[in-house]
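Please open the model in your viewer and keep the selection tool handy. We will go from stop to stop, picking residues and looking at what surrounds them.

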Amino acid sequence: MISDQIKKGNERAPHRSLLYACGLKRADMKKPFIGICNSYESFVPGHCHLNRVGEIVKKAVVEAGGVPMEFNTIAVCDGIAMAHGGMKYSLPSRELIADSVETVARAHCFDAMICIPNCDKIVPGMLIGALRVNIPTIFASGGPMAAGKNPVKGGDSDLNSVFEGVGAQNAGRISVKDLEKIAETSCPGAGSCSGMFTANSMNCLYEAMGLALPGNGTVLAVDPLRERLWKEAAKRAVAMAKKRGPLPRDLVTRDSLDNALTLDMAMGGSTNTVLHTLAIAREAGVDFSLERMNEISAATPYICKLAPSGHYHIGDLDRAGGIMAVLKGVASKAAFFHPGAPTVSGKSIGSLVRAAKILDRDVIRTVEDAYSQDGGLAVLWGNLASRGAVVKKGGVAESMMKFTGRAICFDSQEEACAGILGGKVKPGHVVVIRYEGPKGGPGMQEMLAPTSYIIGAGLGESVALITDGRFSGATHGACVGHVSPEAAEGGLIALLENGDEITIDIPARKISAALSKAEIASRAKKARKWTPRIKDGWLERYSRLVGNASTGASLKA
């Protein structure tokens with residue numbers, strides 16, 4: 001066993017002595033050591049219950065014949081960090097999490113690992129670390145939050161409802177009292193936020209990638225079936241340790257990434273999945289590009305539309321059959337679905353899909369009745385994005401699929417929020433938010449606040465937004481993110497001026513500014529040189545090392 005390096009032989013007596021101090025017994029030295037990577041924090045709703053989950057998983061590991069060794073990573077709540085300087089730390093936290101997983105697992109020689117994440121960067125961060133260590137690893141998320149109930153409009157609500165409520169209140173469409181009612185009822189308890197936002201998107205993608213058991217992405221945190229899933233994951237981890245596999249690098253392959261993106265396109269997940277998938281592929285040594293993602297999108301019908309693009313929530317998808325049912329619904333048409341790909345269950349993804357049942361055709365449509373015959377995400381190209389930009393096309397109104405407007409430019413998210421709430425943004429504008437990329441932000445802030453303010457103000461079908469930053473999975477509307485090269489790299493987005501004509505053509509996968517090459521060259525000569533905003537601490541180091549969004553915003557080797 002890998003763990004023999006710290007427990008076997010006379011020369012390891014000091015190591016055993018330290019393990020005995022933690023409560024281990026002599027008999028435990030013959031058992032596999034199972035690392036339990038837990039992202040529990042008491043103040044993050046997706047994670048506030050994970051201490052209890054850790055206890056359930058540890059007990060199940062013991063019952064399966066293993067020795068549980070729990071450790072923790074950090075977790076940043078994007079909702080709490082949103083719209084202030086704390087959001088700059090969100091994406092960089094992915095790298096810290098990956099480093100911490102690698103560090104603890106390498107230093108303590110686990111035979112296998114169970115990862116218990118829930119929110120956005122934690123899920124990919126743990127996998128990037130697991131790929132480096134490459135020991136048998138299974139993911140068992142904390143589960144999604146149930147939807148809330150909107151006391152003002154009726155129907156289901158979620159965190160996005162509150163952000164949009166701020167815009168509605170500012171525009172005089174609801175009262176301050178109504179806004180607080182929405183805030184009090186939209187997030188009813190523990191779990192990752194209830195729509196097809198980034199956390200749930202990633203936890204669902206890991207089912208399709210073969211890294212988690214069916215139900216990982218959709219069974220609610222409060223559902224008794226979730227406890228059964230945690231226990232089964234613990235048992236599988238012990239079995240995988242004894243069999244020495246499958247390993248993360250056996251599972252994260254071009255085929256499994258195709259499967260994950262096929263699912264993503266079929267249900268219109270968060271644009272952040274593009275960023276994280278590119279980073280995961282890079283860590284796994286798999287050639288996977290934005291061009292590949294557009295090919296998958298073109299070949300995959302969009303059959304499941306969840307909030308914020310639709311009115312269903314993740315709990316509805318679980319009731320309708322879950323992730324394997326979505327794959328079953330689209331498999332006959334999806335050219336990039338590979339049924340032979342292995343999974344941590346010991347079965348192929350194809351066998352899991354064949355066993356699934358579609359229980360609600362309103363939630364999971366047929367391919368003939370798909371929302372569109374191509375996927376819910378798209379990559380755009382043009383002089384504004386020579387290295388690509390990403391849009392959640394499934395969340396864009398039909399009237400905004402082709403849009404030409406005049407730029408109104410802001411050099412930070414904070415400036416944009418003040419401008420939108422201050423009434424500067426008018427119908428026909430393309431809001432440009434720049435210097436918010438991985439390097440320029442630094443940290444590539446999410447833009448849920450400005451996009452929600454636009455929707456809340458009733459401008460969702462008359463205003464577009466482009467940014468070198470990124471969006472929360474809760475964002476919807478004509479919002480194009482990940483514009484690359486970013487402003488801090490000298491991308492054209494840095495040279496835009498108020499009044500410039502910008503065209504977004506999603507069906508044609510194009511985004512461009514109506515500027516001649518001569519005008520662009522003239523502006524480039526006059527442009528001020530970018531200087532880093534932050535000159536100390538972790539973010540200064542991150543800004544120097546981080547790569548382009550088109551390759552996943554990974555730290556350079």
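This is a predicted model: local features need pLDDT of at least 70, side-chain atom pairs count only at pLDDT 80 or more; totals for chains, interfaces and linings use all residues.

Start by selecting Phe 403 together with its contacts (heavy atoms within 4.5 Å). Leaving aside neighbours within four places in sequence, Phe 403 is in contact with Gly 428, His 429, Val 430, Ser 462, Val 463, Ala 464, Ile 502, Thr 503 and Ile 504. Phe 403 lies in strand S9; helices here are DSSP runs of H or I with at least four residues, strands are runs of E with at least two, and both are numbered from the N terminus. The relative accessible area of Phe 403 is 11%, so Phe 403 is buried. Buried means under 20% relative accessible area, exposed over 50% and partly exposed in between, using a 1.4 Å probe and protein chains only.

Residues are numbered from 1 along each chain as its sequence is written, and side-chain values use heavy atoms, with hydrogens and water left out.

**Next stop: Ser 412**

Select Ser 412, in the loop between strand S9 (402-410) and helix H17 (413-421). Is Ser 412 buried or exposed? Ser 412 is buried, with a relative accessible area of 10%. Not counting residues up to four places away in sequence, Ser 412 touches Ile 433, Arg 434, Glu 436 and Arg 533.

**The loop between S10 and H18**

Tyr 435 is in the loop between S10 and H18. Its phi is near 60 degrees, a positive value in a residue other than glycine, and Tyr 435 is buried at 7% relative accessible area. Move on to Met 444, also placed in the loop between S10 and H18. Phi of Met 444 is positive too, near 55 degrees, and Met 444 counts as buried with 0% relative accessibility.

Then select Gly 441 and Pro 442, where the peptide bond is cis, with omega near -15 degrees. Pro 442 lies in the loop that runs between strand S10 (429-433) and helix H18 (448-456). Most residues other than glycine have a negative phi, and most peptide bonds are trans.

For another cis peptide bond, pick Ser 484 and Pro 485, with omega about 0 degrees. Pro 485 sits in the loop between strand S12 (479-481) and strand S13 (501-505).

**Into the cores**

A nonpolar core is a set of buried Ala, Val, Leu, Ile, Met, Phe, Trp, Tyr and Cys residues joined through side-chain atoms within 4.5 Å. Which residues have the most contacts inside the largest nonpolar core? They are Ile 114, Tyr 206 and Leu 317, in a core of 114 residues. Apart from this core lies another, of 34 residues, including Ala 389, Ile 466, Leu 496 and Ile 502.

Go back to Tyr 206 and show its contacts. Beyond neighbours within four places in sequence, Tyr 206 is in contact with Val 123, Pro 124, Leu 127, Phe 139, Leu 211, Ala 212 and Ile 280.

**Zoom out**

Finally, show the whole protein chain, with its 20 helices and 14 strands. The C-alpha trace spans about 75 × 50 × 50 Å along its principal axes. Buried residues make up 61% of the 557 residues.
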